[in-house]
Amino acid sequence: MVEDHLNVIIMVSSSYNIFITDEYIIDVTATVLPDTPIDESMGIPNPTIAIATKLSLSIIQHDRRVVNKKVTDPDVDITSIDFTSDGNIVGTRNHYNYVY
């Protein structure tokens, strides 16, 4: 775990049993990033999925690893998320936009 300057804790999991940190989902977005390998079982690339909850921003990567940016400040409120054209995630927190 690493705490960054935006009052979040970053947790990375390689386990398929750990997904998102909260059952209350605020927003979800998904994209297929450039150079994502083809999933041989489906014949298409796996998407990268971002999920905003009351407790975190969870990113399910194309290889199914999960990165959770857990909110540590109770006054922080993630209200929406989206992918930018270059693959970053932009989120609205407390009425301001942040790029993750």
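A quick word on the model. It is predicted, so local features need pLDDT of at least 70 and side-chain atom pairs count only at pLDDT 80 or more, while totals for chains, interfaces and linings use all residues. Residues are numbered from 1 along each chain as its sequence is written, and side-chain values use heavy atoms, with hydrogens and water left out.

## The overall picture

If you are looking for helices, there are zero; the protein has 11 strands instead. Of its 100 residues, 34% count as buried. Now take the contacts (heavy atoms within 4.5 Å) with a separation of 6 or more: residues 24 or more positions apart account for 45% of them.

## A three-stranded sheet

Strands S9, S10 and S11 line up in that order as an open sheet with antiparallel pairing (two strands pair if DSSP finds at least two bridges between them). S9 and S11, the latter covering 96–99, are the edge strands, each pairing on one side only. On average, neighbouring strands of this sheet are turned by 20 degrees against each other, direction ignored; the axes behind that angle are lines fitted to C-alpha atoms, for helices over the stretch in contact, and angles run from 0 to 180 degrees between N-to-C directions.

Zoom in on S9 (residues 78–83) and S10 (residues 89–93), and you find five bridges between these antiparallel strands. Ser80 has Thr92 as its bridge partner in S10, and Ile81 has Gly91. The hairpin of S9 and S10 has five residues between the strands, and in this hairpin Gly87 takes a positive phi near 90 degrees. Over in S11 sits Tyr98, which is partly exposed at 28% relative accessible area. Tyr98 is 17 residues from Ile81 in sequence, and their C-alpha atoms are 9.4 Å apart.

## The nonpolar core

The largest nonpolar core has 12 residues, among them Leu57, Val67, Ile81, Phe83 and Tyr100. Such a core is a set of buried Ala, Val, Leu, Ile, Met, Phe, Trp, Tyr and Cys residues joined through side-chain atoms within 4.5 Å. Strand S6 (48–53), S7, S8 and S9 each give two or more residues to this core, and S9 gives the most, with three.

Leaving aside neighbours within four places in sequence, Phe83 is in contact with Thr29, Ala30, Thr31, Thr48, Ala50, Asn88 and Ile89.

## Two salt bridges

There are two salt bridges in the structure, each a side-chain nitrogen of Lys or Arg within 4 Å of a carboxyl oxygen of Asp or Glu. One joins the side chains of Asp39 and Arg64, at 3.5 Å from N to O. Asp39 is in strand S4 (residues 38–39) and Arg64 in the loop between strand S7 (56–60) and strand S8 (66–71), so this pair ties together parts 25 residues apart in sequence. Asp39 is buried at 13% relative accessibility, whereas Arg64 is partly exposed at 41%.

The other pair is Arg65 and Asp63, with their closest N and O atoms 2.8 Å apart. Both residues are partly exposed: Arg65 has a relative accessible area of 36%, and Asp63 comes in at 30%.

## Positive phi in the loops

Arg64 shows up again here, with a positive phi near 75 degrees in a residue other than glycine. Asp35 is another such case, with phi near 65 degrees. Asp35 is found in the loop between strand S3 (25–31) and S4, and at 79% relative accessibility it counts as exposed.

How values were computed:
Helix = DSSP H or I, 4+ residues; strand = E, 2+ residues; numbered from the N terminus. Buried < 20%, exposed > 50% of the residue type's maximum accessible area, 1.4 Å probe, protein only.
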